[in-house]
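Biologist: Could you walk me through how some of the helices pack in this one?

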Amino acid sequence: MRDPSTSREPALGLTREDLRLHVSRLGAQAFRGDQVFRWMHASGVLDPSAMNNLPRELRESLADGLDFAAPRVVDRVSSGDGTEKISLELADGYRIESVLILSSEGDEQAAVTLCVSTQVGCRVRCRFCRSGLEGFRRNLEASEIVGQVAAARLDGARINRVVFMGIGEPLDNEEMLHRSIRILSDGEGVALAPRRLVVSTVGRPEAMIRLGEAFGGRVGLAVSLHAADPGLRARIVGAGRAAGPAEVLEAARAYPLPPRERVTVEVVLVRGLNDSALAAADLAAALKGLRCRVNLIPLNPFEGLDMEPPGRQTVQAFQGLLDSAGFPTFVRRRRGARILASCGQLAFGGSRTKEFRDD
Ligand code: SAH
């Protein structure tokens, strides 16, 4: 969100190209824009007065014209099992959540994944997801998406993977998603290789195609399919809220993956709903010809949800069926559940506490 008191543009949402343009308009040489970008995204310096290789005059006009703030961290809870939930407050008072996930605990070089939100709430409202329970408020700005990464890094995390799997449907906020990917993958900044950025979608075929085109298939793609049977899938994601399984898989097949990369197919397993041998066989048949891996996510419960995860043996049987059909299949380890930081457990909060002159 733009800072309503000054309407300064949020600096974290600007690409390096935008910053080059911005400084040129201020009368400086374009390479100064690269320097500002490096300060913010490579060095984590969000205070223009500390950007000490810039002329003082430029530092001042940058501070006048742009808002360098990252979303404010209002809470951090650690689960004790290598996940940490970060609550952030946005300029208009809404609160969103990001989750830090350490891939190997106790190792200093541990890979750190940040799971970021892309919307305040969600329009899709999958039956088992807490994020859509309260409906949809608004899209996040690029500065707020990139700002989640900046905020986590300010607190010392060395992030080497960002997954767009937090609150919201990333492909319903396409423009800001693309912009965030451009910023995070820019070699002069956070410099995450595009394959270290993973977009998870409930299935928006046209937007999947555009994502593939915009980044040449190099950005990781995960599709939340849940079931290959159209009726079953509709019972899970809600009829009419997302494309049918065939269309989603068609768009996934058309995704221009580099050699050796795979699309991830996500299946949240719900006891007695989509966990049968028949559902697994349908899935294996539907996935034919798609270079993919399957990620099984036993349902993460939360209060008020009238669904349960399947038992362990059911999950193993499901996995076995897909594995033997030739699809590498993993069961996502459940982490962060105690602090409601697992898949589908994130929620937004707060309200528009501040007055806006422009609404
Ligand atoms: N909207 C996007 C990204 C956010 S959800 C999407 O649908 O992919 C990230 C993953 O968590 C999705 O696969 C989603 O289906 C899954 N999920 C939602 N609720 C869940 C729950 N209660 N338990 C386990 N996974 C859940």
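Modeller: Helix 5 and helix 6 are roughly parallel to each other, a label given to angles under 35 degrees, because their axes cross at roughly 25 degrees. This is a predicted model, in which local features need pLDDT of at least 70 and side-chain atom pairs count only at pLDDT 80 or more, while totals for chains, interfaces and linings use all residues. Residues are numbered from 1 along each chain as its sequence is written, and side-chain values use heavy atoms, with hydrogens and water left out.

Biologist: Which residues make the contact of helix 5 with helix 6?

Modeller: Helix 5 (residues 174-185) brings Glu174, Leu177, His178, Ile181 and Arg182, and helix 6 brings Ala207, Arg210, Leu211 and Ala214, where contact means heavy atoms within 4.5 Å. By class, that contact has five nonpolar, one polar and three charged residues.

Biologist: Changing topic, how close do the axes of helix 9 and helix 10 come?

Modeller: The axes of helix 9 (residues 277-286) and helix 10 (residues 312-324) come within 9 Å and cross at roughly 25 degrees; axes here are lines fitted to C-alpha atoms over the stretch in contact, with angles running from 0 to 180 degrees between N-to-C directions.

Biologist: And which residues make that contact?

Modeller: From helix 9 there are Ala277, Ala279, Ala280, Leu283 and Ala284, which meet Phe318, Leu321 and Leu322 of helix 10.

How values were computed
Helix = DSSP H or I, 4+ residues; strand = E, 2+ residues; numbered from the N terminus. Parallel < 35°, antiparallel > 145°, perpendicular 65-115°, else oblique. Nonpolar A, V, L, I, M, F, W, Y, C, P; charged D, E, K, R; others polar.
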